[in-house]
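I opened the notebook with the sequence and the model side by side.

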2 protein chains.
Amino acid sequence: MTAVDDRPERPLRVALLGCGTVGAEVAKLLTHSADDLEQRIGRRVELAGIAVRRLNRERPGIDPALLTTDALELVQRPDIDLVVEVIGGIEPARTLILTALERGAAVVTANKALLAEDGATLFAAAEAAGTDLYFEAAVAGAIPIIRPLRESLVGDEITSVMGIVNGTTNFILDRMHTEGVGFSETLTLAQELGYAEADPTADVEGFDAAAKAAILASLAFHSRVRAEDVHREGITEVTRADVATAEAMDSVIKLLAICTLTDDPEPRVSIRVHPAMIPSSHPLASVGGAYNAVFVESRSAGRLMFYGPGAGGSPTASAVMGDLVTVARNRVRGAAGPGESSYAQRQVAPIGDVVTRYHVSLSVADVTGVLASVAHAFAEHGVSLQIVRQEGVGPNATGPTGDAGSARLVIVTHDARDADLSATVETLRSLPEVHEVISVMRVEGDRA
Amino acid sequence: MTAVDDRPERPLRVALLGCGTVGAEVAKLLTHSADDLEQRIGRRVELAGIAVRRLNRERPGIDPALLTTDALELVQRPDIDLVVEVIGGIEPARTLILTALERGAAVVTANKALLAEDGATLFAAAEAAGTDLYFEAAVAGAIPIIRPLRESLVGDEITSVMGIVNGTTNFILDRMHTEGVGFSETLTLAQELGYAEADPTADVEGFDAAAKAAILASLAFHSRVRAEDVHREGITEVTRADVATAEAMDSVIKLLAICTLTDDPEPRVSIRVHPAMIPSSHPLASVGGAYNAVFVESRSAGRLMFYGPGAGGSPTASAVMGDLVTVARNRVRGAAGPGESSYAQRQVAPIGDVVTRYHVSLSVADVTGVLASVAHAFAEHGVSLQIVRQEGVGPNATGPTGDAGSARLVIVTHDARDADLSATVETLRSLPEVHEVISVMRVEGDRA
């Protein structure tokens with residue numbers, strides 16, 4: 001604690017925007033932990049107002065005198081030093097945050113969607129006012145990942161960030177593995193248990209993970225990356241057959257957010273969210289249920305992993321409170337923390353240029369020569385094969401004869417460009433011997 | 001980047017104390033990454049001097065003009081802004097760091113032994129001078145754990161920190177499990193491979209882990225905890241039989257650093273380093289080789305884990321460089337980061353008051369009634385049993401007769417006070433039916 005702590009100065013005043021699961025928890029901690037927070041910050045903090053949509057909801061433990069429906073008036077109050085935004089969404093959150101920053105208030109937000117859409121505007125406003133914008137809670141709930149990327153690893157060169165950053169989809173995929181049930185059935189269960197929203201689009205289509213990926217890539221590569229830059233595929237098309245195939249390969253299917261740099265002389269940012277197979281031995285494979293984990297590789301540090309609860313009122317409130325103490329300490333000391341670092345200005349590579357491995361499952365005619373045709377399709381697009389496995393299907397499937405039964409071919413490629421793989425799949429679809437391209441899935445994690 | 005960045009100001013000058021594995025790597029990064037560092041800090045940093053013990057050693061890539069054997073003169077130079085200490089040990093490191101801090105220079109250190117012995121003095125000097133003392137590299141190498149405890153979780157209440165924080169002992173125990181070989185044989189191998197020092201005492205006797213535990217506990221519990229407060233047991237007495245028993249229990253043996261709070265009305269810090277069995281399903285169980293991991297539990301965040309390389313020149317240099325950028329940014333902004341937080345002033349509980357589970361392995365006479373005597377010994381000290389398993393040894397071992405063969409009893413207790421367990425073991429040793437108390441080991445991780 002610094003010398004300034006003992007001086008009788010007025011408390012720092014906090015405005016809380018939003019009082020849902022996270023907001024109510026933040027309000028509770030601000031009240032119950034006030035003495036500890038004062039010791040840790042060197043100044044008392046007090047909750048000065050809470051903006052809500054409706055005044056007449058039941059809110060146990062919250063002083064009704066603090067509530068207001070006029071959020072804009074609250075952030076404009078000259079006595080407010082710190083603003084916590086846990087409303088989510090683009091508007092009115094953006095206007096409220098910008099108004100607060102322009103007044104010089106420090107802002108703590110959990111708003112991944114807004115940061116991934118318009119972070120640059122917010123950072124510029126914070127910088128112009130010499131104040132703080134902190135957002136640890138925006139990615140991976142309680143897991144400290146923003147601060148490690150922004151500060152701990154800032155003297156290193158990060159080469160890749162790969163994470164399970166959406167608990168809903170991880171819960172669903174996990175269940176599909178353990179229970180052997182399909183996607184829609186599992187989604188319904190997840191909704192019943194409260195792990196998925198009534199409208200699950202943001203989670204299952206990968207929008208939530210894409211916003212988080214954009215934030216992680218921006219920090220890791222000192223560049224501006226937006227949600228719209230992220231190649232995004234959700235989990236709605238993951239089938240029971242995919243899950244079974246993954247298990248046969250001693251792998252599991254996870255929805256991954258992957259941020260890497262390309263091998264070009266001027267490296268570009270490759271950023272994508274999609275389901276992928278990873279080996280069961282990979283540290284991310286055992287991240288179950290609604291947990292999140294982020295795997296970071298850098299030149300000097302090597303491989304790091306951060307693991308913990310990815311969502312929920314309490315865990316998210318923990319991250320918000322850590323930021324709140326930090327920005328309050330900064331305010332007591334009279335200096336803001338680190339701002340945006342986007343000097344590297346790396347370009348984003350199109351998905352076609354991404355290089356990874358692929359698992360392709362085909363239903364083919366069980367005739368002599370089919371393997372040669374299929375192998376030729378891969379070869380003509382420059383995709384080389386690592387594993388080819390033929391699995392019998394149907395009564396004549398395993399017979400070596402030229403009958404018209406169908407068999408299944410399972411193929412794993414070596415590293416290939418996404419564009420080349422897509423072209424290969426087009427060619428495969430045109431082959432008369434190929435009845436169906438059953439699934440195409442990327443294979444991530446350790447290279448074989 | 002803030003507006004101040006563009007002003008032509010003189011570079012920040014760095015003095016490096018020590019040029020071994022870590023120091024040489026830091027020197028390399030400071031030189032090769034100078035342009036990136038300047039962008040990230042907002043000011044150029046330059047390496048202004050390196051204190052070494054001997055000038056005439058081969059140091060590829062290091063400008064000999066930077067070298068000096070007079071470390072004290074180097075830290076007293078008025079142009080030095082930032083000091084990186086990677087010498088290790090108590091003296092001369094303490095004098096050099098204090099001299100630097102008193103001059104107002106910021107210090108980045110990897111020195112766990114010094115911080116755990118005399119951190120309070122260093123923090124007081126930093127605070128008096130209004131400057132920074134950062135030490136991410138002191139615990140768990142490249143893994144960001146200091147900053148998460150000191151900043152990310154500072155708005156939360158941490159209840160426990162449990163970690164594998166010594167790579168040498170983890171490598172040895174791991175090998176004992178995978179190869180089924182004994183301690184001394186494995187130690188020799190570890191020395192040959194460079195994972196253990198010629199004098200392995202600091203590692204295998206748990207001194208290194210104890211220093212790190214003290215640092216972690218101080219941060220987690222906002223209290224002063226020193227290395228001498230840590231109950232410490234090394235791994236030299238872990239036998240092949242212990243390893244086999246652990247495996248039979250679907251567990252592994254790890255050297256753990258455990259920091260918790262007691263259940264008292266005024267919670268005390270319980271802090272200890274010892275080998276323990278943890279279930280194979282525990283996240284720490286799969287931390288292999290020279291990797292480190294720290295498992296943190298807090299009231300709001302829940303369970304978090306941080307994983308990565310625990311030692312080595314490059315990983316440690318990554319942590320040092322992250323701190324160096326942070327203290328340099330602080331200097332550019334004219335404000336120091338967080339100082340010591342020890343306001344909670346929690347007492348340290350003696351080991352006797354620690355509550356955990358125990359695995360006890362006994363060689364007993366294979367006679368009727370032995371189980372009753374043994375069970376009575378536990379009961380009279382208030383230790384209740386969870387599992388009792390009798391394993392036959394010797395030709396008559398499995399016979400139900402009253403012959404004089406010996407059998408083995410394996411016992412796992414419920415939660416018990418360490419003092420009660422020790423008293424139980426004393427009683428067991430005095431029983432005529434007990435030939436030998438073969439091993440006593442704590443059981444950690446999830447409660448059964």
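This is a predicted model: local features need pLDDT of at least 70, side-chain atom pairs count only at pLDDT 80 or more; totals for chains, interfaces and linings use all residues.

**Entry 1: cis peptide bonds.** I looked up the bond between A:E91 and A:P92. It is cis, with omega near 5 degrees. A:P92 belongs to the loop between β4 and α4 of chain A. I then turned to chain B. There, B:E91 and B:P92 are joined by a cis peptide bond, with omega about 10 degrees. The loop between β4 and α4 (93-102) of chain B holds B:P92.

**Entry 2: the parallel sheet of chain A.** In what order do the strands of this open sheet run? I read β3-β2-β1-β4-β5-β6 (chain A), 6 strands with parallel pairing. The edges are β3 (67-68) and β6 (133-134) of chain A. Each has a single partner strand, so one side of each is left without a neighbour in the sheet.

I then went to the pair β1 and β4. Strand β1 (residues 12-17) of chain A runs parallel to strand β4 (residues 82-85) of chain A, and 4 bridges join them. I found A:A15 opposite A:V83 in β4(A). Helix α4 (residues 93-102) of chain A packs on this sheet. The helix touches β1, β4 and β5 (106-109) of chain A. Its direction makes about 150 degrees with that of β5(A).

**Entry 3: the parallel sheet of chain B.** I read the strand order here as β3-β2-β1-β4-β5-β6 (chain B), an open sheet of 6 strands with parallel pairing. Which strands stand at its edges? They are β3 (67-68) and β6 (133-134) of chain B. Each has a single partner strand, so one side of each lacks a neighbour in the sheet.

Inside this sheet I checked β4 and β5. Strand β4 (residues 82-85) of chain B pairs with strand β5 (residues 106-109) of chain B in the parallel sense, over 4 bridges. B:V84 faces B:V108 in β5(B) as its opposite residue.

**Entry 4: around β17 of chain B.** Strand β17 (residues 434-443) of chain B pairs with strand β10 (residues 269-279) of chain B in the parallel sense, over 2 bridges. Here the bridge partner of B:A276 is B:R442. Strand β13 (residues 355-365) of chain B also pairs with β17(B), but in the antiparallel sense, over 8 bridges. On that side I found B:S361 with B:S439 as its bridge partner.

**Entry 5: where the chains meet.** How many residues of each chain are in contact across the interface? I got 50 residues of chain A and 50 residues of chain B. The two chains bury about 4,400 Å² between them, 52% of it on carbon and sulfur atoms.

I counted 22 residue pairs in polar contact across the interface. The rule also finds 4 salt bridges there. I looked up A:R40, which forms a salt bridge with B:E157. The closest N and O atoms of this pair are 3.2 Å apart.

Which elements give two or more residues to the side of chain A that touches chain B? They are α2 (34-41), α6 (146-152), β12 (302-309) and α12 (313-333) of chain A. The largest share, 9 residues, comes from α12(A). By residue type, this side of chain A divides into 23 nonpolar, 14 polar and 13 charged.

β12(A) and strand β12 (residues 302-309) of chain B run antiparallel, joined by 3 bridges. A:Y307 stands opposite B:M305 in β12(B).

**Entry 6: salt bridges overall.** My search of the whole structure gave 54 salt bridges over all chains. I picked out A:D81 and A:R10, whose side chains meet at 3.0 Å, N to O.

Conventions
Residues are numbered from 1 along each chain as its sequence is written. Chains are lettered from A and ligands numbered from 1 in the order in which they are written. Side-chain values use heavy atoms; hydrogens and water are left out. Two strands pair if DSSP finds at least two bridges between them. Contact means heavy atoms within 4.5 Å. Axes are lines fitted to C-alpha atoms, for helices over the stretch in contact, and angles run from 0 to 180 degrees between N-to-C directions. Buried area is the accessible area (1.4 Å probe) that two parts lose on being put together, summed over both. A polar contact is a pair of N or O atoms within 3.5 Å; within protein, one must be able to donate a hydrogen and the other to accept it, and residues adjacent in sequence count only if both atoms are side-chain atoms. Ala, Val, Leu, Ile, Met, Phe, Trp, Tyr, Cys and Pro count as nonpolar, Asp, Glu, Lys and Arg as charged, and the others, Gly among them, as polar.
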